[in-house]
Amino acid sequence: VACLLSKPVRIHIKSTDMTIHTYPDIAREEQLETPDYPPEIDDACAAIKEACDGWGTDEDKLIKILGSKTPYERYLINRRWGELRSKTLRKRIGEEFRDNDLGKLIQFLAQPLEEAECEMIRLACRGAGTNESLLYPIICGRSNEDMQVLKKTYFEKYEKDIAIALDGELSGDFEKLIFYSLQAAEEEFNEEYHTEEKADEDADAFYEAGQGSWGTDEGKMFKILVNSPPEYLEMVDAKYSEKYGYTLWKAMEKELTGYAEKAAVFIFGMKIRPAETVAKLIKSTCAGIGTDELELSCAVVRYQRLLPEVMQAHEELFDGKTLEERIESETRGKYEKLLLEIVRVRED
């Protein structure tokens, strides 16, 4: 199974005391006050209405408006639209586009990111089989705060707990790791608790749960992986490499299989080298025969805040090929145009 990690890339995002956030800060605010909308937010709402009114939808105008905004700006647009109109922006945009690659992508942009992720989860569970490769990057490798927002939003949107919704969709070690991740139990780094001695003990525990025993104790491995804050997981990884000759992710490759392996390595990567991990995830959506446009759309939308660092990592990993060049070589038409708008946005 191809690993989502390789040699380190020198980028701006580094491991910290907690896993990085992907939602804009406003999504995690418990008491939301009515913001003072800047004029450009009202202008965007008016331009969206104008593009949707009349006999034909001005798709190019909508691509420019929604594609050129940051997640925070789209959050404000969505909220302001709800104050001005009886129909949600997501529903209005959904009426204007077919349910194709372009339509799905622009509908993701027409709602807050946490609501879009809930739709992505539903899409992953639609039909006869679960789309595990779409599901695990949404559930795994995220901050406690973002996970709490996602679970709360899913319940409000569908009146069902996300764990109940996923029960029956998964099995085996992969199911176990998904449910560990849903607990949002990553510890906050504490230098008095997360010591070199503890790292040494957890490195031994990780080894004994895998390589050092006849049967793998996946639960013990998953608990260490999911609960460890990034800075501490690096300490455990260093101890493991020093004592056993290879890294934790190499150990997971040896001891796990299938989507359990992919998800575990992804969690490790999002804690230790997030930009490189996302760059590899995006490339994986273009691997094989044909591009998986849904997975590509989800990755670009979900990690938009990280894209400047991801784009740098992408170039360093893949022989100078830019993310824009990858999109241009793998996609076509207005779908390509919208993806390029998104990846070119920069937050102030």
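Helices are DSSP runs of type H or I with at least four residues, numbered from the N terminus, and their axes are lines fitted to C-alpha atoms over the stretch in contact, with angles running from 0 to 180 degrees between N-to-C directions. The model is predicted, so that local features need pLDDT of at least 70 and side-chain atom pairs count only at pLDDT 80 or more, whereas totals for chains, interfaces and linings use all residues. Residues are numbered from 1 along each chain as its sequence is written, and side-chain values use heavy atoms, with hydrogens and water left out.

Helix H7 (residues 132-139) packs with helix H10 (residues 172-182) at an angle of about 30 degrees, and the two axes lie 10 Å apart. This makes H7 roughly parallel to H10, a description that applies to angles under 35 degrees. In contact, which means heavy atoms within 4.5 Å, Glu132, Tyr136 and Ile139 of H7 meet Phe174, Ile178, Ser181 and Leu182 of H10.

Helix H2 (residues 59-67) contains the buried residues Leu62, Ile63, Ile65, Leu66 and Gly67, where buried means under 20% relative accessible area, exposed over 50% and partly exposed in between, for a 1.4 Å probe and protein chains only. The cover over these buried residues of H2 includes helix H1 (39-52), helix H3 (71-84), helix H4 (89-96), helix H5 (101-109) and helix H20 (333-343). Arginine 80 is located in helix H3, and, when residues up to four places away in sequence are not counted, arginine 80 touches Tyr37, Ile41, Asp42 and Cys45.

The structure holds 26 salt bridges, each being a side-chain nitrogen of Lys or Arg within 4 Å of a carboxyl oxygen of Asp or Glu. In one of them, the side chains of glutamate 186 and lysine 271 meet at 2.5 Å, N to O. This pair links distant parts of the chain, since glutamate 186 is in the loop between H10 and helix H11 (196-209) and lysine 271 is in helix H15 (residues 258-272), 85 residues apart. Glutamate 186 counts as buried because its relative accessibility is 6%, and lysine 271 counts as buried at 4%.

A salt bridge also joins the side chains of lysine 239 and glutamate 196 (3.5 Å, N to O). Lysine 239 lies in helix H13 (residues 230-244) and glutamate 196 in helix H11, so this pair ties together parts that are 43 residues apart in sequence. Lysine 239 is buried, with a relative accessible area of 18%, whereas glutamate 196 is partly exposed at 43%.

Note on methods:
Helix = DSSP H or I, 4+ residues; strand = E, 2+ residues; numbered from the N terminus. Parallel < 35°, antiparallel > 145°, perpendicular 65-115°, else oblique.
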